[in-house]
Amino acid sequence: MIKRDVVIIGAGSTGLAIAYYLSKQGVKDVTVLEKGYVGSGSTGRCGTGIRAQFADEPTIKMMKRSEENWNKLGEEIGFDFRQTGYLYLLYTEEEIEQYRKMKKLQNSLGVPTEILSPAEAEELCNLIDTSEVKAASYNPEDGKAHPFEVTTGFKKYFQEGEVELKEQTEVNGIKLENGEKWKIVKTTGGNYRTKVLVNAAGGWARNIGEMMGLDIPVTPYRHQAIITEPFKPGRVEPMIISMRHEDAYLTQTERGGIIGGIGTPEDEPPTYEMRETLSFEERVSKAFSSIVPSLKHTRILRHWAGYYAMSPDGNPMLGEYKIPDHYLAVGFSGHGYMMAPIVGEGLARLIVDRKTELPFDYYDPGRIDKGELRESALQMG
Ligand SMILES: Cc1cc2nc3c(=O)[nH]c(=O)nc-3n(C[C@H](O)[C@H](O)[C@H](O)COP(=O)(O)OP(=O)(O)OC[C@H]3O[C@@H](n4cnc5c(N)ncnc54)[C@H](O)[C@@H]3O)c2cc1C
């Protein structure tokens, strides 16, 4: 039996960030268990985007701080957080009204979002078809980071420090002992005994709960994304969003490919299926080339699928849950990657000090059982 102070299940952006901030707060005995490799869940399949343009106060506050942490983390573990902005294209008066309200709230919380004219949007990217665009919402501090650089950055950092990262190690059973004080975590690589257990298993969170007789209401929904061959006509630096074109989001990587996706049809049932669909390629091609017409002649290089892990209200479930020292960091829908640095810092603080100044009450997992569902955070893709 291997004894540890903290065991984290899942080496996606969430589990890795929690381990990192625990080690920063002086916790020495931390193990992260991962059934595949770092980032093999949704993290390595995400669209790279990081934004503070949300509609509700807690998520804006979290993301403002998360963007600060992305910068510090990038410097410390070695990746680029490229603050090239998020540009929401607005086509109707209703959208403009909605984004003006959001801008006001975001500005009041220190996020410098501006509403731009179509001509100003074109200055940021002259390849967009602005013929029907009426305005755009832009925050220059939003941006993107390559998930493989981030996960390998964490991995290297852990190799030089005290966090133990066990890849190819699947958790297949959990037993509670001594009045739930000890959690015995059974894995394909031996058994661990820990007091503090963190479920950061993304779309598989419910399976981990079942091992303890808990029903964790997180459901996986397939989402797909693509990257194109290098796009030659110019640069698409900001993340361009268009709700009018199937909630499309797209941006350009440093190597030149256009990465992004569109929304999953609402009637697609939950699934663990990770196969891609041809109909997605048809829909994404149409949406992207309507937004940036010169993309019409660019080929798709790679296409993949991953999960949005959905809680009943589409907001994360963060905090202690039903068993002492058993924590959840799950249910991130389409914005778990961007939240990871602040979720990591906040959850580590909660584990060590049993409190955080961050608005974790809003994300308390107990809200679901109490029927206190929150408004869904602004989703796209
Ligand atoms: C196509 C697509 C685009 C997206 N775009 C964005 C975006 O632009 N920005 C953004 O913020 N978010 C985006 N998301 C969402 C984002 O990817 C997720 O919210 C985020 O990666 C969740 O990270 P995580 O660490 O919580 O989960 P995951 O990355 O899924 O990690 C969970 C890990 O747990 C491991 N695990 C599960 N069960 C076990 C077990 N029994 N034993 C051991 N290990 C186990 C899994 O192997 C996995 O590696 C996107 C998602 C998709 C699919």
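1. The largest nonpolar core comprises 74 residues, and those with the most contacts inside it are Ile8, Ile9, Ile18, Ala19, Val198, Ala329 and Val330. A nonpolar core here is a set of buried Ala, Val, Leu, Ile, Met, Phe, Trp, Tyr and Cys residues joined through C-beta atoms within 7 Å; buried denotes 20 or more other C-beta atoms within 10 Å of the residue's own, exposed 12 or fewer, and partly exposed the range in between, with C-beta atoms placed from the backbone. Helix 8 contributes the largest share of this core, nine residues. Another core, of 35 residues, lies apart from it and includes Tyr86, Leu90, Met239 and Ala287.

2. The model is predicted: local features need pLDDT of at least 70 and side-chain atom pairs count only at pLDDT 80 or more, whereas totals for chains, interfaces and linings use all residues. Residues are numbered from 1 along each chain as its sequence is written.

3. Alanine 19 is in contact (C-beta atoms, placed from the backbone, within 7 Å) with Ile8, Val30, Val32 and Val163, leaving aside neighbours within four places in sequence.

4. The ligand is surrounded by 41 residues, the closest being Gly10, Gly12, Gly41, Gly202 and Gly336; the criterion is a C-beta atom, placed from the backbone, within 6 Å of the molecule.

5. Proline 233 counts as partly exposed because it has 13 C-beta neighbours inside 10 Å. Proline 233 touches Leu127 and Ser294, not counting residues up to four places away in sequence. Between proline 233 and glycine 261 there are 20 Å in space, C-alpha to C-alpha, and 28 residues in sequence.

Technical notes: Two residues are in contact if their C-beta atoms, placed from the backbone, lie within 7 Å. Helices (H or I, at least four residues) and strands (E, at least two) are DSSP runs, numbered from the N terminus.
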